[in-house]
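Here are a few notes to go with the model. Have it open while you read.

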Amino acid sequence: GVFSSTSGLSINAATGEINLSASQAGNYVVTNSIAATGSCPAASSNATITLLASPTATISGGGTTCAGSGTFPVTIALTGVGPFDFTYTDGTTPVTISGNAGNTYSFDATSTATYTITSVSNSVCAGTGSGSAVVGIFQNPTVTLEAFDPFCSNSNNSVLDQGLPVGGTYTGNGVSGGSLNPSLAATGDLVTYTYVD
């Protein structure tokens, strides 16, 4: 016989083999038709075929912040027919979620990591995962400024290098360009050292 189907299904007319990757998800009626020959009349028979879309999981979100400033939401968007089983990882520890009925899943990332999808499936089909969520949660730097030795008001400018970590900025009366002009400062003035990681 000769195989045919409703539109959207890629089927080999001679063998009935279906090309799944070239077909669209949906419900189809496949017909096998045998032409009349000799004293035998033409005959045909139908069958219904359902092609489910392979599920997908796309992970996104993330960002960068300092410790204690909050968390970052990471979202997994799911397509296909649920419920879904999927696994995501932070590069070290895989986490498996089973029977997720919705098309999204979210969690709050609390540590520095790159999150990716390693598998996704539903009750029938295995699918593909894509995307990544890069999260950076960094410790706040410890900033210190050593006490200054006394200055004379008529002293030359003094380079300020007591702040740690190196690379910050100094502000205050008489402070300019990383040095202190004692003639522009007064006893009790404060010098502030600011460092941004």
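1. Start with Phe107, which is buried at a relative accessible area of 13% (buried is under 20%, exposed over 50%, partly exposed in between, with a 1.4 Å probe and protein chains only). Keep in mind that this is a predicted model, where local features need pLDDT of at least 70, side-chain atom pairs count only at pLDDT 80 or more, and totals for chains, interfaces and linings use all residues. Residues are numbered from 1 along each chain as its sequence is written, and side-chain values use heavy atoms, leaving out hydrogens and water.

2. On to the ring pairs: Phe, Tyr and Trp rings (the six-membered one for Trp) pair if their centres lie within 6.5 Å, and planes under 30 degrees apart are stacked, over 60 edge-to-face, the rest tilted. That gives seven aromatic pairs. One of them is Phe86 with Tyr105, edge-to-face at 5.4 Å between centres and 70° between planes. Phe86 sits in strand 6 (residues 84-89) and Tyr105 in strand 8 (residues 104-109), so this pair ties together parts 19 residues apart in sequence. Strands are DSSP runs (E, at least two residues), numbered from the N terminus. Phe86 is buried, at 1% relative accessibility.

3. Tyr88 and Phe107 are stacked, 4.4 Å centre to centre with 10° between the planes. Tyr88 belongs to strand 6 and Phe107 to strand 8, again 19 residues apart. Tyr88 is buried too, at 7%.

4. Ring pairs join Phe86, Tyr88, Tyr105, Phe107 and Tyr115 into a cluster.

5. Elsewhere, look for an open, antiparallel sheet of three strands, ordered 13-17-16 (strands pair if DSSP finds at least two bridges between them).

Technical notes. Helices (H or I, at least four residues) and strands (E, at least two) are DSSP runs, numbered from the N terminus.
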